[in-house]
Amino acid sequence: YQRRVRAVESTQSTGVTLDFAGRRIVDATTKTAQQGGMGVVYEKHQAEDGGRKVEGGDLADEFLPVYLAQPSDTRPPQHYSTPKTESRINKTTIRNQDKEFQLLRDEGMCLTMHQPWASLLVAGIKELEGRSWYSAHRGRLWIHSAAKEPETATIRTIEEQYREIRGRDTVFPEIYPTGVLLGCVFVEDVRERTEGDGEESSSNFVFVCREPKMLTVPIKCKGQHKVWKLEKKFHTAVLNQMF
């Protein structure tokens with residue numbers, strides 16, 4: 001057996017085709033079979049008597065398998081999932097900040113506010129809405145008024161505050177309806193509060209709002225906390241009335 005191994009090292013190999021049923025060996029082009037991620041090449045080596053063809057006999061003595069390492073598959077497995085940190089980065093990177101696109105894109109996102117601030121926002125008198133939490137929302141935001149009725153003294157105090165900010169000739173809404181969809185604004189940004197924001201907001205974060213639009217007829221609807229999504233029937237109703 002050792003003589004045969006030495007003969008392998010010093011001779012040229014040729015490919016073969018194996019027919020195990022008839023135990024017949026025929027010279028052919030070398031073929032590779034995949035076995036467990038390794039390539040297996042069966043090589044017929046010339047024997048000491050001149051390399052004659054063999055029929056029958058012990059295949060193990062005449063043929064030595066040579067295992068060839070195959071390149072590993074670098075593709076991720078099917079169950080691979082993007083890490084949360086990478087996902088957040090990608091979302092931030094691909095988020096479209098084009099204003100015209102955002103105006104056309106309306107997913108029915110809504111914010112519930114207390115009166116009289118809700119009506120002042122859709123009337124364009126109020127431009128900054130303060131919150132203690134940050135929001136990634138940009139674009140159209142529908143404004144809903146909470147169900148709590150505002151006190152008359154509160155309304156007068158807030159109106160006087162905005163006269164100081166916007167001017168003495170500011171025209172305020174005649175009524176402040178509650179528990180309804182009032183209109184929408186365009187959210188340009190949500191950022192931390194700065195000293196330049198003045199008295200309009202004292203919260204940690206402010207929604208910078210532009211392009212207010214008020215519904216002609218407010219639509220009765222129940223509100224929710226933070227930024228929430230309108231039901232389809234309400235979203236369709238406000239769109240039909242506004243546009």
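Modeller: A polar contact is a pair of N or O atoms within 3.5 Å; within protein, one must be able to donate a hydrogen and the other to accept it, and residues adjacent in sequence count only if both atoms are side-chain atoms.

Biologist: Which side chain does arginine 140 join in a polar contact?

Modeller: That of aspartate 106, at 3.0 Å. This is a predicted model, where local features need pLDDT of at least 70, side-chain atom pairs count only at pLDDT 80 or more, and totals for chains, interfaces and linings use all residues. Residues are numbered from 1 along each chain as its sequence is written, and side-chain values use heavy atoms, with hydrogens and water left out.

Biologist: Where is arginine 140 found?

Modeller: In strand E8, residues 139–145. Helices (H or I, at least four residues) and strands (E, at least two) are DSSP runs, numbered from the N terminus. The chain has 7 helices and 11 strands.

Biologist: Is arginine 140 buried or partly exposed?

Modeller: Arginine 140 counts as buried, because its relative accessibility is 13%. Buried means under 20% relative accessible area, exposed over 50%, and partly exposed in between (1.4 Å probe, protein chains only).

Biologist: What share of the chain is buried?

Modeller: Buried residues make up 35% of the 243 residues.

Biologist: New topic. How many salt bridges are there?

Modeller: The count is 13. A salt bridge is a side-chain nitrogen of Lys or Arg within 4 Å of a carboxyl oxygen of Asp or Glu.

Biologist: Which residue forms a salt bridge with lysine 126?

Modeller: Glutamate 129, with the closest N and O atoms 3.5 Å apart. Glutamate 129 also forms a salt bridge with arginine 131, where the closest N and O atoms are 2.2 Å apart.

Biologist: Why does arginine 131 count as buried?

Modeller: Because its relative accessibility is 16%. Glutamate 129 is buried too, with a relative accessible area of 7%, and lysine 126 is buried as well.

Biologist: What about arginine 210 and glutamate 188?

Modeller: Their side chains meet in a salt bridge, 3.9 Å from N to O. Arginine 210 lies in strand E10 (residues 205–220) and glutamate 188 in strand E9 (residues 180–192), so the pair ties together parts that are 22 residues apart in sequence.

Biologist: Which residues are in the network with them?

Modeller: Salt bridges that share partners join Glu188 and Arg210 with Glu127, Arg166 and Glu200 into one network.

Biologist: Is arginine 210 buried or partly exposed?

Modeller: Partly exposed, at 31% relative accessibility. Glutamate 188 also counts as partly exposed, at 37%.
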